[in-house]
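Good morning, and thank you for coming.

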Amino acid sequence: MKVLITKKLLEEIVSNTSSYLDKKDLSSITSHLLMSAKDGIFSIKATDHEIGLSYNLQNVSIETEGEATANGGKLLSVIKGLSDDSVTLETVNGALFVKQKKSKYKLPMFETRDFPSFPVVEGKNSFDVNAGILGRSLKKIYPSIDTNNPKYELNGALIDVKEGFLNLVGTDTKRLSVYKLITQSKAGELDTKILIPKKAIGEIQKLFSDKIKIYYDENVLLAVSENFEFFTKLINGKFPNYERVIPSDTAHKISIPRDKMVSGVRAINAMCEEMKVTIKKDGMIFESINEDNSEAKTEIEATIEINGEIVFGVKNRFLLDFLSNIESEIFELDFNSSDTAFVLSADGLKTVIMPINNI
């Protein structure tokens with residue numbers, strides 16, 4: 001294999017694929033990138049078996065077809081040390097040489113046939129949704145997804161296909177977020193539930209801007225565009241019945257100015273992780289909850305249609321995560337009492353939060 005590629009393009013792709021590599025076991029083939037030059041296309045693949053990414057490039061000069069592997073971390077270090085000029089990648093006697101002007105680097109290779117194969121789209125269902133919107137929508141529920149929960153199904157997002165829309169769901173057991181995404185899904189696609197790992201969702205947010213086609217089965221989800229192929233293994237498990245968590249009826253519903261709530265939370269956030277919020281008709285009071293003797297308190301004036309007042313304790317981060325993912329000037333707060341779950345909602349996003357009791 002011998003190809004000529006710009007340093008900028010090569011560095012961008014190798015950098016983008018670095019999170020797909022196995023960094024713990026450098027003796028594993030999955031610590032290497034697979035590079036292939038064939039039929040006018042130069043591809044670079046990376047996978048840790050759980051997720052994978054392949055870039056397909058046509059604006060690369062291929063002098064000799066072939067395949068090569070190289071440790072992704074070492075290759076990226078070499079590329080970063082080069083000048084902004086064209087780079088030659090060439091295989092000679094079982095090694096990959098990286099050349100630029102008078103500089104030359106030799107990297108050992110593994111057998112290319114040992115590199116894991118990527119899933120194929122044949123025989124899989126297709127997913128009818130705008131990929132860019134899907135990526136942005138998953139971002140809205142991303143903070144609510146748990147990490148390292150022994151119930152593995154909670155370490156990912158649920159995509160629940162309904163007629164005409166999708167529900168995207170994430171929970172860490174203390175809160176649950178649901179985003180309603182309008183689609184053209186048909187009745188025949190109903191009862192489709194897909195559980196995507198949190199790590200994969202983070203990568204999806206970086207990638208899903210191209211015009212792509214999404215394919216899936218019970219084990220894997222693929223996204224294919226003209227420039228890249230992405231796959232992630234899905235979580236096998238049963239996600240909790242999230243619809244039962246959302247209160248179907250609440251005693252109180254009030255509208256709150258988003259900017260007022262943001263100001264109050266941020267004023268207290270530097271002092272504590274949890275706070276007490278008092279909402280009344282002429283404003284809101286925010287007070288720190290600390291085990292030490294430090295205190296913080298601020299009052300924000302606002303006109304709120306409420307009879308009496310509501311007082312609840314909450315983690316600051318839960319409020320800020322919700323508020324940062326909506327654009328409306330007003331959001332809704334639904335509640336029954338100070339010691340039961342309350343619901344924040346705006347712009348198709350709902351977050352159910354368990355309050356802190358004994359405040």
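This is a predicted model: local features need pLDDT of at least 70, side-chain atom pairs count only at pLDDT 80 or more; totals for chains, interfaces and linings use all residues.

Residues are numbered from 1 along each chain as its sequence is written, and side-chain values use heavy atoms, with hydrogens and water left out.

Where does Glu 50 lie? Its place is the loop between strand 3 (41-47) and strand 4. Helices (H or I, at least four residues) and strands (E, at least two) are DSSP runs, numbered from the N terminus. Not counting residues up to four places away in sequence, Glu 50 touches Phe 231, Thr 232 and Lys 233, where a contact means heavy atoms within 4.5 Å. Glu 50 and Lys 199 are 149 residues apart along the chain, and their C-alpha atoms are separated by 9.6 Å.

Let us now consider the chain as a whole. The protein chain has seven helices and 25 strands. Its C-alpha trace spans about 80 × 50 × 35 Å along the principal axes. Of its 359 residues, 50% count as buried. Among contacts with a separation of 6 or more, 65% are between residues 24 or more positions apart.

The domain assignment gives domain 1 (2-114), domain 2 (128-223 + 231-244) and domain 3 (247-353); such bounds come from an automatic or database domain assignment. Between the C-alpha centres of domain 1 and domain 3 the distance is 50 Å.

I turn next to two individual residues. Asn 56 belongs to strand 4. Is Asn 56 buried or exposed? It counts as buried, because its relative accessibility is 17%. Beyond its neighbours within four places in sequence, Asn 56 is in contact with Ile 41, Phe 42, Ser 43, Glu 226, Asn 227, Phe 228 and Glu 229.

Ser 28 is found in the loop between helix 1 (7-16) and strand 2 (32-38). With a relative accessibility of 16%, Ser 28 also counts as buried. Leaving aside neighbours within four places in sequence, its contacts are Asp 22 and Phe 110. From Ser 28 to Asp 48 the C-alpha distance is 9.5 Å, and the two are 20 residues apart in sequence.

The next topic is helix packing.

Helix 1 and helix 2 (residues 72-80) have axes that come within 10 Å and cross at roughly 150 degrees. Axes are lines fitted to C-alpha atoms, for helices over the stretch in contact, and angles run from 0 to 180 degrees between N-to-C directions. The two helices are therefore roughly antiparallel to each other; angles under 35 degrees count as roughly parallel, over 145 as roughly antiparallel, 65 to 115 as roughly perpendicular and the rest as oblique. Lys 7, Leu 10, Glu 11, Val 14 and Ser 15 of helix 1 meet Gly 72, Leu 75, Leu 76, Ile 79 and Lys 80 of helix 2. The residues of this contact divide into five nonpolar, two polar and three charged. Here Ala, Val, Leu, Ile, Met, Phe, Trp, Tyr, Cys and Pro count as nonpolar, Asp, Glu, Lys and Arg as charged, and the others, Gly among them, as polar.

At what angle do helix 3 and helix 4 pack? The angle is about 135 degrees, with the axes 8 Å apart. That makes helix 3 oblique to helix 4. Gly 135, Leu 138 and Lys 139 of helix 3 make the contact with Ile 201, Ile 204 and Gln 205 of helix 4. Three residues of this contact are nonpolar, two are polar and one is charged.

Seven of its 10 residues are buried, so helix 4 is largely enclosed by the rest of the structure. The buried residues are Lys 198, Ala 200, Ile 201, Gly 202, Glu 203, Ile 204 and Leu 207. What covers them includes strand 4 (51-57), helix 3 (131-141), strand 11 (156-162), strand 14 (193-197) and strand 17 (228-233).

Note on methods. Buried means under 20% relative accessible area, exposed over 50%, partly exposed in between (1.4 Å probe, protein chains only).
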